[in-house]
Amino acid sequence: MEDKYDFGLIGLGVMGRNFILNVADNGFSAFGHDLDQEKVDALKDEGDKEHKIDASTSIKTFAKALKQPRKIMLLVPAGKIVDSVIQSLLPHLDRGDIIIDGGNSFFTDTDRREEELQKRAIHFFGAGVSGGAKGARLGPSIMPGGSKSAYSHIKPIFEAVAAKYEGEPCVAYLGPKSAGNYVKMVHNGIEYGLMQLTSEIYDLLKKAGDFSNQELHDTYSQWNEGRLQSFLVEITSKIFVQKDDLNLSELGLLDQIKDKAKQKGTGKWTSQNAMDLGIPVPSIDIAVNMREISALLSERTAADKLYDRPETEKIDKTKLAELAEEALYFSFIVTYAQGLHVLAEASKEYGYQLDISVIAKIWRAGCIIRAGLLADITEAFEKDGDLPNLLVSPNFVEKVKGSVNSARELVAFGAKNAIPLPGLSNSLIYFDAYTSTRLPLNLIQAQRDYFGSHTYERLDKEGVFHTEWD
Ligand SMILES: NC(=O)C1=CN([C@@H]2O[C@H](COP(=O)(O)OP(=O)(O)OC[C@H]3O[C@@H](n4cnc5c(N)ncnc54)[C@H](OP(=O)(O)O)[C@@H]3O)[C@@H](O)[C@H]2O)C=CC1
Ligand SMILES: O=C(CO)[C@H](O)[C@H](O)COP(=O)(O)O
């Protein structure tokens, strides 16, 4: 028994290799498996006196090497590969063993897998991991969901390897079934929204303020020292001054990167599922749309030739940076608000029993959307766990009031000067609509009843009404 390993990891790619090294750094013995001999050999080479690590291309050897109940994490590409890895593992597992899918799997796949494995008395966790390669190596945020009783077996390992925020590990049991995968999916939806916002503000600063890459670096670095402090603002500041390895021109690397953004699906799934739940997330929707529009590069180039655009007015650099900081702060708040709103609704719909303050807490460090704001968000939901929307939190009303007008000014400027600010615009539209007692959708109800007898409700009388409009 002593020779057996505490933890097993399948898929020794970007995330898996780093995660298993992190586990070994924290004093747990760990055994890896990948079909690629080179990756297996590279991991074996990491073993030394302090790190008990081994690996094999044989799934049987891998399973035999693990202590029971086996704790096996998968960090393989989402989709059919996860099913095929589970199938290849099953003949070598015993009742009570635990499989943890750490990848970005779609949440209904996780529910299906959990149900199937339950029949064989195997516990299954969907545990989203965020933080990229560096996070996996040095401390990610981990979002586990699954069987509460089985969580006690993996808790010590996850708490040891997770990022720490003021000493607290950025991992917590989130809820049953696919709760962990779902939360990670929405994390990524918010990630899409924040990335879109930081990108369009970069465009605005360049076009309206003639900011150089060095000035963009200085501005984002300065923002990162203040209330916009976040991983994404920090890395963006660094990206602006990254030199080009290929040195093909005088320009920095960023200026040579094609403006076609790829996507693996988690942002789109967030939008699709939010729509199924009836929760609006326009700041995330538009971020997905913008990646889609960006992919139409040749069509965009052809269309560009057909239309003139107005000459861009210029704004004083200091003034523009001030407006942009306020607008970005406003739209970051709105984007988190939308993501958290989806989580609250999904919790009811799917029975996840999510505690939003705990989710905000474990996002404060380690993950891609970590930000100073998350400490304030945690506090808001600790005060009121049933908060329907961050925008109505007493902690946030003054922050929003103090920044929304800059968003208005820039959205108007962008529209007039043909600089697309879609994330900012959608955040503002969402805010204005969500905070309006009366919207013109009474007219839509009238139209529906006019052409389809769909009925309507009245302000002045209870009940459902239909009018013979003609
Ligand atoms: N990269 C990132 O920043 C993040 C990724 N994720 C998620 O984590 C998961 C893994 O991502 P990532 O590490 O980037 O992916 P990689 O492609 O880098 O790694 C996946 C590894 O799994 C191996 N693999 C594939 N099929 C099998 C199999 N049947 N048996 C054993 N090993 C197999 C692959 O081998 P081979 O290459 O030879 O096929 C590869 O080594 C994905 O779901 C991803 O979405 C989550 C957070 C961040
Ligand atoms: O999960 C992640 C970080 O938290 C991945 O980095 C993310 O999946 C990247 O997504 P996409 O390729 O769609 O931009």
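## Contacts and overall form

Of the chain's contacts between residues at least 6 apart in sequence, 67% join residues at least 24 apart; two residues are in contact if their C-beta atoms, placed from the backbone, lie within 7 Å. The model is predicted: local features need pLDDT of at least 70, side-chain atom pairs count only at pLDDT 80 or more, and totals for chains, interfaces and linings use all residues. Residues are numbered from 1 along each chain as its sequence is written, while chains are lettered from A and ligands numbered from 1 in the order in which they are written.

The chain contains 20 helices and nine strands, which are DSSP runs numbered from the N terminus (helices H or I, at least four residues; strands E, at least two). Its radius of gyration is 25 Å, close to the 23 Å that the globule rule gives for 470 residues, so the chain is as compact as a globular protein of that length. The radius is taken over C-alpha atoms, and the rule is 2.2 Å times the number of residues to the power 0.38. Along the principal axes, the C-alpha atoms fill a box of roughly 75 × 65 × 45 Å.

Buried residues account for 47% of the 470 residues. A residue is buried if 20 or more other C-beta atoms, placed from the backbone, lie within 10 Å of its own, exposed if 12 or fewer, and partly exposed in between.

## Domains

The chain divides into domain 1 (7-177), domain 2 (184-434) and domain 3 (438-470), with bounds from an automatic or database domain assignment. The C-alpha centres of domain 1 and domain 3 are 54 Å apart.

## Ligand 1

Ligand 1 is surrounded by 25 residues, the closest being Gly11, Gly13, Met15, Gly103 and Asn104. A residue is near a molecule if its C-beta atom, placed from the backbone, lies within 6 Å of it. Helix H1 (14-25), helix H4 (80-89) and strand E6 (123-130) each give at least two residues to this shell.

By class, the shell around ligand 1 has twelve nonpolar, nine polar and four charged residues. Ala, Val, Leu, Ile, Met, Phe, Trp, Tyr, Cys and Pro count as nonpolar, Asp, Glu, Lys and Arg as charged, and the others, Gly among them, as polar.

## Ligand 2

The residues surrounding ligand 2 include Asn104, Ser130, Asn188, Glu191 and Lys262. Its shell comprises one nonpolar, seven polar and three charged residues. Domain 1 and domain 2 each provide at least three of the shell's residues, and helix H8 (179-209) and helix H11 (266-277) each supply at least two.

## Arg438

Arg438 is in the loop between helix H19 (422-434) and helix H20 (441-452). Arg438 counts as exposed because it has 7 C-beta neighbours inside 10 Å.
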